[in-house]
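Please report on the strand pairing, the salt bridges and the pocket of this structure. Keep it brief.

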Amino acid sequence: MQVRGRGGTVLQPGVDLLERADDFPSDGPILLITDGQCDVVRVRREHAWLIPRGASLPFTARGPVFRVE
């Protein structure tokens, strides 16, 4: 797998949608996959990040951050 971004991804609307969705478990964790070029995201439930090795998020993550080659 190769993650290649162009920058500027807005993730917050997708997170908000999942947190409000009737068909997504209210205690279901969220995995956010990004190249690190994204907006500041507020996630109110259990979550984790998956980013490429060497990349960083533009904020301090509250959930665990996993890195892939």
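The report below takes the strands, then the salt bridges, then the pocket.

This is a predicted model, in which local features need pLDDT of at least 70, side-chain atom pairs count only at pLDDT 80 or more, and totals for chains, interfaces and linings use all residues. Residues are numbered from 1 along each chain as its sequence is written, and side-chain values use heavy atoms, with hydrogens and water left out.

**Strands**

Helices (H or I, at least four residues) and strands (E, at least two) are DSSP runs, numbered from the N terminus. Strands pair if DSSP finds at least two bridges between them. E2 pairs with E1 in the parallel sense, over 4 bridges. E2 and E3 also run parallel, joined by 4 bridges. Leu32 stands opposite Trp49 in E2. Pro52 has Val68 in E3 as its bridge partner.

E2 is mostly covered, with 6 of its 6 residues buried; buried means under 20% relative accessible area, exposed over 50%, and partly exposed in between (1.4 Å probe, protein chains only). In a regular strand, side chains alternate between the two faces of the sheet. His47, Trp49 and Ile51 point one way from E2. Ala48, Leu50 and Pro52 point the other way.

**Salt bridges**

A salt bridge is a side-chain nitrogen of Lys or Arg within 4 Å of a carboxyl oxygen of Asp or Glu. The whole structure holds 2 salt bridges.

| Salt bridge | N to O distance |
|---|---|
| Arg44 and Glu19 | 3.2 Å |
| Glu69 and Arg53 | 2.5 Å |

The Arg44 and Glu19 salt bridge links distant parts of the chain, 25 residues apart. Arg44 sits in the loop between strand E1 (30-33) and strand E2 (47-52), and Glu19 in helix H1 (residues 12-20). Arg44 counts as exposed because its relative accessibility is 65%.

The Glu69 and Arg53 salt bridge also links distant parts of the chain, 16 residues apart. Glu69 lies in the segment after strand E3 (65-68), and Arg53 in the loop between E2 and E3. Glu69 and Arg53 are both exposed.

**Largest pocket**

On a 1 Å grid over the protein atoms alone, a pocket is an open set of points where a 1.4 Å probe fits, with protein on both sides within 12 Å along at least five of seven lines; lining residues have an atom within 4 Å of a point. The largest pocket holds about 170 Å³ of space. Its lining includes Arg44, His47 and Trp49. Phe59, Thr60, Ala61 and Arg62 are also among the lining residues. The lining divides into 6 nonpolar, 2 polar and 3 charged residues.

Notes. Points joined across faces, edges and corners; volume = space filled by probe spheres on them. Nonpolar A, V, L, I, M, F, W, Y, C, P; charged D, E, K, R; others polar.
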